[in-house]
Amino acid sequence: RMEIVQMAMLRPRFAILDETDSGLDTDAVNVVSEGVQKLSTANQMGVLIITHHERLLQYNVPSKTHVMLAGRIVETGGAELAHELHNEGY
């Protein structure tokens with residue numbers, strides 16, 4: 001939640017959210033997701049969400065999904081790739 005407050009105050013052009021959903025309960029994920037949506041839309045801010053879980057992506061639909069393995073991007077797709085990875089694994 002603190003990252004969302006910081007983004008609201010700093011209004012960056014681009015934000016990187018690394019494992020923001022880690023340790024959050026469902027209600028907190030909803031609050032964070034809503035904050036990301038509002039800030040990215042209102043401020044025309046680009047957002048890179050790094051996550052191992054689909055929870056944030058249910059509310060913040062990715063325009064691109066990248067899979068990294070050993071520091072290299074090994075697969076790229078749209079939102080459907082994120083759902084496929086969640087359902088079927090890597």
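Is Gln 44 buried or exposed? At 73% relative accessibility, Gln 44 counts as exposed. The legends below describe close-up views of a predicted model.

**View 1. Gln 44 sits in the loop between H2 and S2.**
Gln 44 comes after helix H2. Its phi is positive, near 50°, and Gln 44 is a residue other than glycine. Most residues other than glycine have a negative phi. The relative accessibility of Gln 44 is 73%, so the residue counts as exposed; the cut-off for exposed is over 50%.

**View 2. Ala 70 lies in the loop between S3 and S4.**
Ala 70 is not a glycine, yet its phi is positive, at about 55°. Is this residue, Ala 70, buried or exposed? Its relative accessibility is 76%, so Ala 70 counts as exposed.

**View 3. Helix H2 covers residues 26-42.**
The helix has 17 residues. From its first C-alpha to its last, H2 reaches 24 Å. That is close to the 24 Å expected at 1.5 Å a residue. The N-terminal end of H2 is capped by Asp 25. A side-chain oxygen of Asp 25 lies 3.3 Å from the backbone nitrogen of Asp 27.

**View 4. H2 has a buried side and a face turned away from it.**
Which residues of H2 are buried? They are Ala 28, Val 29, Val 32, Ser 33, Gly 35, Val 36, Leu 39 and Ser 40. Seen down the axis of H2, these buried residues fall within an arc of 160°, so they line one face of the helix. Their cover includes helix H1 (2-10), strand S1 (14-18), strand S2 (46-50) and H3. The face turned away from the buried side carries exposed residues: Thr 26, Asp 27, Lys 38, Thr 41 and Ala 42.

**View 5. Ser 40 has its place in helix H2.**
Its relative accessibility is 19%, so Ser 40 counts as buried; the cut-off for buried is under 20%. A polar atom of the Ser 40 side chain lies 3.2 Å from the backbone oxygen of Gln 37. Which residues does Ser 40 contact, leaving aside its neighbours within four places in sequence? They are Met 45 and Val 47.

**View 6. Ala 8 has its place in helix H1.**
With 34% relative accessibility, Ala 8 counts as partly exposed. Ala 8 and Asn 43 are 35 residues apart along the chain. Their C-alpha atoms are separated by 9.2 Å.

**View 7. Asp 21 lies in the loop between S1 and H2.**
Asp 21 is buried, with a relative accessible area of 1%. What is Asp 21 in contact with, leaving aside its neighbours within four places in sequence? The residues are Val 29, Thr 51, His 53, Arg 55 and Leu 56. One of these, Val 29, is a buried residue of H2.

**View 8. Helix H4 spans residues 79-88.**
The buried residues of H4 are Ala 79, Leu 81, Ala 82 and Leu 85. Seen down the axis of H4, they fall within an arc of 165°, so they line one face of the helix. What do the buried residues of H4 pack against? They pack against helix H3 (55-59), strand S3 (65-69) and strand S4 (72-77). Glu 80, Asn 87 and Glu 88 are exposed residues on the face of H4 turned away from its buried side. Just after H4 comes Gly 89, with a positive phi of about 85°.

**View 9. The largest pocket has a volume of about 920 Å³.**
Rolling a probe the size of a water molecule over the atoms shows where empty space is left. How many residues line the largest pocket? The lining has 27 residues. Nearest the centre of the pocket lie Ile 49, Ile 50, Thr 51, Thr 65 and His 66. Among these, Thr 51 is also a contact of Asp 21. At least two lining residues come from each of H2, S2, S3 and H4. Which element gives the most to the lining? S3 does, with 5 residues.

Conventions. Residues are numbered from 1 along each chain as its sequence is written. This is a predicted model: local features need pLDDT of at least 70, side-chain atom pairs count only at pLDDT 80 or more; totals for chains, interfaces and linings use all residues. Side-chain values use heavy atoms; hydrogens and water are left out. Buried means under 20% relative accessible area, exposed over 50%, partly exposed in between (1.4 Å probe, protein chains only). Helices (H or I, at least four residues) and strands (E, at least two) are DSSP runs, numbered from the N terminus. The arc is that of the directions from the helix axis to the C-beta atoms. Contact means heavy atoms within 4.5 Å. The expected span of a helix is 1.5 Å times one less than its number of residues. A polar contact is a pair of N or O atoms within 3.5 Å; within protein, one must be able to donate a hydrogen and the other to accept it, and residues adjacent in sequence count only if both atoms are side-chain atoms. On a 1 Å grid over the protein atoms alone, a cavity is a set of points where a 1.4 Å probe fits but cannot get out, and a pocket is an open set with protein on both sides within 12 Å along at least five of seven lines; lining residues have an atom within 4 Å of a point. Grid points are joined across faces, edges and corners, and a volume is the space filled by probe spheres set on the points.
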